[in-house]
Amino acid sequence: MAKAPALESWNDILARIASEIYGVQMPAAPAPQAPTPGSQCETLLMAMQSGARLTVLTALDKYGVYACSQRMTDLRRLGWPVKSERLKLPSGKIVAVYFL
């Protein structure tokens, strides 16, 4: 199974460009906010903090979370550095793998 490289966030790209071109350091990002206790976001965040790499299927099977990609967007909006990679399965299908 081939792994695609992890994508840089827009903030990382902008900070790198500002540093390389203008010699300006971007201010540090604020600390991420905690998700609502007991929420699906908290469940997935705790799993990723313990090292889990999640796909839509693993989020559904292990944690009962159906809308994995939407919860990852929610976590990103709270300031968490959720990264994703595309993974090509033996069947030829491509799925997203989420991690911190």
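How many Å² does the accessible surface of the protein chain come to, and what share belongs to carbon and sulfur atoms? The surface comes to about 7,100 Å², and 58% of that belongs to carbon and sulfur atoms. Accessible areas come from the Shrake-Rupley method with a 1.4 Å probe; for residues, only the protein chains shown count as cover.

This is a predicted model: local features need pLDDT of at least 70, side-chain atom pairs count only at pLDDT 80 or more, and totals for chains, interfaces and linings use all residues. Residues are numbered from 1 along each chain as its sequence is written, and side-chain values use heavy atoms, with hydrogens and water left out.

**Overall layout**

The protein chain has 4 helices and 2 strands. Their order from the N terminus is α-α-α-α-β-β. Helices (H or I, at least four residues) and strands (E, at least two) are DSSP runs, numbered from the N terminus. Of the 100 residues, 23% are buried. Buried means under 20% relative accessible area, exposed over 50%, and partly exposed in between (1.4 Å probe, protein chains only).

Helix H1 covers residues 10–22. Its 13 residues should span 18 Å, and the end C-alpha atoms are 17 Å apart, which agrees. The expected span is 1.5 Å times one less than the number of residues. Gly23 follows H1 with a positive phi, near 65 degrees.

**The hairpin**

Strands E1 (residues 83–88) and E2 (residues 94–99) run antiparallel, joined by 6 bridges. Strands pair if DSSP finds at least two bridges between them. Lys83 has Phe99 in E2 as its bridge partner. The hairpin leaves 5 residues between the strands, and Gly92 in the turn has a positive phi of about 100 degrees.

**Salt bridges**

The structure holds 2 salt bridges. Each needs a side-chain nitrogen of Lys or Arg within 4 Å of a carboxyl oxygen of Asp or Glu.

| Pair | Closest N and O atoms |
|---|---|
| Arg53 and Glu85 | 2.6 Å |
| Asp74 and Arg71 | 2.9 Å |

Arg53 sits in the loop between helix H2 (40–49) and helix H3 (56–63), and Glu85 in strand E1, so the pair ties together parts that are 32 residues apart in sequence. Glu85 is buried at 13% relative accessible area, whereas Arg53 is partly exposed at 39%.

Asp74 and Arg71 are 3 residues apart in helix H4 (residues 68–77), which means about one helical turn separates them. Asp74 is partly exposed, at 25% relative accessibility.
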